[in-house]
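Biologist: I am new to this structure and would like to learn how to read its features one at a time. Could we begin with the general idea and then turn to the case at hand?

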Amino acid sequence: METIVFACLLVILTTTSLVKAKYYSNSHTIDVPTTIKETHLHFYLHDTISGDNPTAVLVAKPNNTVVQEGNPIPFGAVYVFDDPLTEGPDPNSTIIGN
């Protein structure tokens with residue numbers, strides 16, 4: 001009986017101490033500027049998977065997989081890409097990266 005009373009008293013003391021506990025924070029608010037600057041970037045990626053100078057090269061494929069003209073990227077195939085990024089949609093426009 002004494003154990004039950006002690007357990008009940010312990011539960012009551014624990015819950016009341018949690019209720020009286022306060023959250024301490026050292027934070028402060030910072031005013032955010034009301035103006036928002038937007039930048040719109042447009043890049044064009046040119047991918048050539050066939051021809052004389054391809055930018056995508058097949059490096060691995062599953063066994064018994066055939067790369068056909070109608071299915072140039074079969075399931076499980078791994079390609080390496082080195083595609084030029086240009087300023088405009090024309091492939092001859094200024095290259096800005098790869």
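Modeller: A polar contact is a pair of N or O atoms within 3.5 Å, and within protein one of them must be able to donate a hydrogen and the other to accept it. In this predicted model, the side chains of Thr-86 and His-46 are joined by such a contact at 2.7 Å, and the side chain of Thr-86 also reaches the backbone oxygen of Gly-88, at 2.6 Å.

Biologist: Is Thr-86 buried or exposed?

Modeller: A residue counts as buried when its relative accessible area is under 20%; Thr-86 has a value of 0%, so Thr-86 is buried. Leaving aside neighbours within four places in sequence, Thr-86 is in contact with several residues, including Phe-43, Tyr-44, Pro-91 and Ile-95.

Biologist: In which strand does Thr-86 lie, and what is the order of the strands in the open sheet?

Modeller: Thr-86 lies in strand E4, and the open sheet of three strands runs in the order E1-E4-E5 with antiparallel pairing. Strands E1 (44–45) and E5 (95–97) each have a single partner strand and stand at the edges, so one side of each lacks a neighbour in the sheet. The antiparallel pairing of E1 with E4 (residues 85–86) extends over two bridges, and Leu-45 stands opposite Leu-85 in E4.

Biologist: Which residues form the nonpolar patch on the surface?

Modeller: The patch is formed by Val-57, Val-59, Val-78 and Val-80, which together have about 320 Å² of accessible area. Strands E2 (56–60) and E3 (78–81) each supply at least two of its residues. Val-78, found in strand E3, is partly exposed, with a relative accessible area of 42%.

Definitions and conventions:
Residues numbered from 1 in each chain as written. Predicted model: local features only at pLDDT ≥ 70, side-chain atom pairs only at ≥ 80, totals over all residues. Heavy atoms only, no water. Pairing = 2+ DSSP bridges. Helix = DSSP H or I, 4+ residues; strand = E, 2+ residues; numbered from the N terminus. Patch = residues over 30% accessible without salt bridge, like charges linked within 9 Å, V, L, I, M, F, W, Y side chains within 5 Å. Areas by Shrake-Rupley, 256 points an atom, 1.4 Å probe, with all protein chains shown as cover. Salt bridge = Lys/Arg side-chain N within 4 Å of Asp/Glu carboxyl O. Buried < 20%, exposed > 50% of the residue type's maximum accessible area, 1.4 Å probe, protein only. Contact = heavy atoms within 4.5 Å.
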